[in-house]
Amino acid sequence: MARIADWGGHDSGYGSVLVRSQHRSINQPFTKRLIMNTVTILLSSFILSITGLFIFIWSLRKRLFDNTAAAAYVIFSDGEIGRGEEPAATAAQLEGMRQQVPGQARAVLTAAQETTLARELEERVEADRSTAFVSFVFLSCAVVWLVVGSLAGLTSSIKLHQPDWLVQQAWLTFGRIRTIHLNIVAYGWAPMASFGIANWLLPRLLKTPLVGGRYAIFGCMLWNAGLIAGVGCIAAGISDGMEWLEMPWQVDILIVIGGALMGLPLVYTLQARKVDHLYVSVWYMGAALFWFPILFFIAKLPALHFGVEQATMNWWYGHNVLGLFYTPMALASVYYFLPKIIGRPVQSYNLSLLGFWTLAFFYGQVGGHHLVGGPVPAWLITLSIVQSIMMIVPVISFSINQHLTMRGYFSKLIYSPTLRFLVLGGMMYTLSSLEGTFEALRSVSTVAHFTHFTVAHAHLGLYGFFTMVMFGAIYFVMPRVMSWEWPYPSLIAVHFWLVIIGFAIYFVGLSIGGWLQGMAMLDASKPFIDSVNVTIPFLKSRTVGGSLMTLGHLVFAGHFIAMALRYGPARTGAALLHTGVTASATDQLAGA
Ligand code: HEM
Ligand code: HEM
């Protein structure tokens with residue numbers, strides 16, 4: 001294990017490369033090890049893709065992946081189209097949602113359809129009830145990590161323009177607190193939120209109560225114990241020395257076992273499913289739950305990867321965890337919640353399938369774009385750039401689909417608090433991915449790589465896209481989980497505006513500052529310190545934006561706690577689906 005140096009550098013992985021390369025050159029011929037490991041990496045990518053292909057063929061044979069447009073309707077009960085579901089809306093907002101779309105009058109149901117709808121809603125209530133406690137535990141952990149992680153991020157941000165602030169304690173120095181921030185958001189907030197939503201959503205989609213929820217709870221405890229220990233190690237200066245993989249591998253064993261237990265109920269529920277067709281969200285979530293353990297396990301195997309190969313493996317993991325875990329989890333949520341809220345199936349189911357399979361086939365090889373200009377074989381980098389450009393296909397498939405599904409329904413954004421987060425998050429997926437595609441080009445990477453521009457992009461993806469979608473999903477899910485409405489609806493709007501304005505300041509300022517920093521570094525006539533000075537106003541603006549975001553998170557957390565404690569007026573409107581009074585439950589669906 002390496003000890004983290006207490007300096008403020010942005011770790012690209014090259015530091016450990018140099019030290020380890022020297023060590024390796026004493027022991028083994030460089031080229032032999034390099035060839036072995038690049039072959040291993042390619043082989044793993046190949047096996048991953050081929051496995052995906054076999055699952056694809058198998059699913060086609062089993063007709064699980066029925067690619068007709070009718071498949072888009074499976075998340076609706078008979079007669080439910082045209083009636084949105086928005087548990088976070090107040091009675092007045094639901095009324096507004098009902099009135100908005102001209103020409104989309106709510107269909108009058110026959111008595112038989114009413115009975116079917118009531119029965120299906122009852123099944124949904126049952127599925128929701130089976131997941132309530134499990135989802136609540138995961139989402140509560142997520143909220144705690146969100147707040148702690150944001151405070152660590154804010155502290156790191158202030159330190160970049162006030163370097164003498166909080167320097168007495170080693171664990172508060174930039175090198176450690178930044179790493180603590182990253183690990184908390186990456187392994188605390190993001191997976192806890194994802195599992196909270198997945199545990200709630202999959203039983204609904206599979207029309208089956210959650211099976212084996214206690215495994216998830218036990219796994220969640222182990223995972224969190226591992227994370228606390230891992231963050232403690234980083235604070236103490238003990239680390240495996242690779243970005244995104246800093247927690248010592250001994251501690252990661254807890255996370256691996258915890259993660260496996262957390263995945264079990266989802267597998268059992270899949271086996272017990274009552275539906276023939278698997279909606280596209282199931283595919284995204286199921287695949288993410290299959291990919292993540294493989295990635296984490298391979299990347300964390302100790303004493304296997306050294307030097308350049310270690311850096312290559314580091315970034316094979318680094319971008320795959322973004323693209324094959326967080327991204328599909330968030331996309332699955334958008335594909336379910338967005339049509340549900342507006343009461344309209346996704347415009348093109350085939351596009352959603354195209355998006356899924358192209359993401360599965362192209363994302364696996366993009367990791368090399370983090371090492372452009374590094375001591376890595378040029379062909380490997382070129383392959384990653386080509387695949388980064390190919391990623392335009394799944395991204396555009398999603399964007400067109402979201403836009404066409406929302407067309408004519410944009411006015412609902414005024415009334416639905418949940419939809420705002422989801423639609424904006426979806427748009428930021430497009431933006432972050434297209435920006436990423438350009439960042440992967442050698443010409444752009446030359447300017448952007450060692451700068452704050454990359455950090456701005458990182459937050460556009462993991463905050464603007466992923467976190468926004470999770471906020472929307474949590475606002476939808478919690479009233480069903482708690483059988484209680486959000487106690488103070490105006491706080492949802494306060495949260496939204498704080499994080500949106502804060503993030504805009506964060507992203508725009510840091511992108512400009514990062515670009516100017518890169519240009520200054522490339523200008524041989526300028527001393528290096530110029531490239532540092534030019535960023536100072538932008539680093540300060542990041543602290544302003546980050547403070548607003550953190551404030552927004554505190555508002556969100558306070559509201560979450562108030563809901564958990566059942567504060568606020570006892571209203572039974574939108575959360576009514578959960579009371580079992582299904583006769584009037586149909587009335588709680590907002591006519592689109
Ligand atoms: C087609 C899609 C995408 C491509 C091609 C892409 C490409 C890139 C590139 C080239 C970098 C900079 C590497 C460097 O110079 O250091 C990067 C960094 C990053 N990207 Fe993306 N990106 C994409 C989508 C996303 C999404 C959807 C997310 C979030 C879910 C995301 C999160 C990040 C993060 C967190 C980093 C910083 C990693 C680090 O240095 O710690 N990206 N991406
Ligand atoms: C859930 C919310 C957040 C997520 C998911 C998130 C994610 C990330 C990620 C992935 C990185 C690594 C970026 C890279 O190395 O390229 C990072 C770094 C950082 N984040 Fe955040 N972040 C969040 C909130 C915040 C907030 C509220 C602030 C407050 C200003 C903040 C400030 C920072 C700073 C200062 C760094 C270090 C940048 C550097 O190394 O130069 N983050 N964050």
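Let's start with ligand 2. By class, its shell holds 10 nonpolar, 14 polar and two charged residues. One caution before going on: this is a predicted model.

So who sits around ligand 2? The shell counts 26 residues, and the nearest are Gly153, Ser156, Ser157, Ala458 and Gly546. Which of them gives the most? That is H15, with eight residues.

Now ligand 1. Here 27 residues form the surroundings. Met391, Ser433, Gly436, Ala458 and Gly461 are the closest. Again, look at the elements. Those giving two or more residues are helix H9 (307-342), helix H13 (417-439), helix H14 (442-448) and helix H15 (452-482). H15 gives the most to this shell, with seven residues. By class, the shell around ligand 1 has 12 nonpolar, 13 polar and two charged residues.

Keep two names in mind. H15 is the top contributor to the shell of ligand 1, and to that of ligand 2.

Last, the core. The largest nonpolar core has 156 residues. Inside it, Ala142, Tyr284, Ala288 and Val469 have the most contacts. Which element supplies the largest share of this core? H9 does, with 22 residues.

Take Val469 up close. What does it touch, leaving aside neighbours within four places in sequence? Its contacts are Ala330, Ser333, Val334, Phe421, Leu422 and Gly425.

How values were computed:
Residues numbered from 1 in each chain as written. Chains lettered and ligands numbered in written order. Predicted model: local features only at pLDDT ≥ 70, side-chain atom pairs only at ≥ 80, totals over all residues. Near = placed C-beta within 6 Å. Helix = DSSP H or I, 4+ residues; strand = E, 2+ residues; numbered from the N terminus. Nonpolar A, V, L, I, M, F, W, Y, C, P; charged D, E, K, R; others polar. Core = buried A, V, L, I, M, F, W, Y, C linked by C-beta atoms within 7 Å. Buried ≥ 20, exposed ≤ 12 C-beta atoms within 10 Å, placed from the backbone. Contact = placed C-beta atoms within 7 Å.
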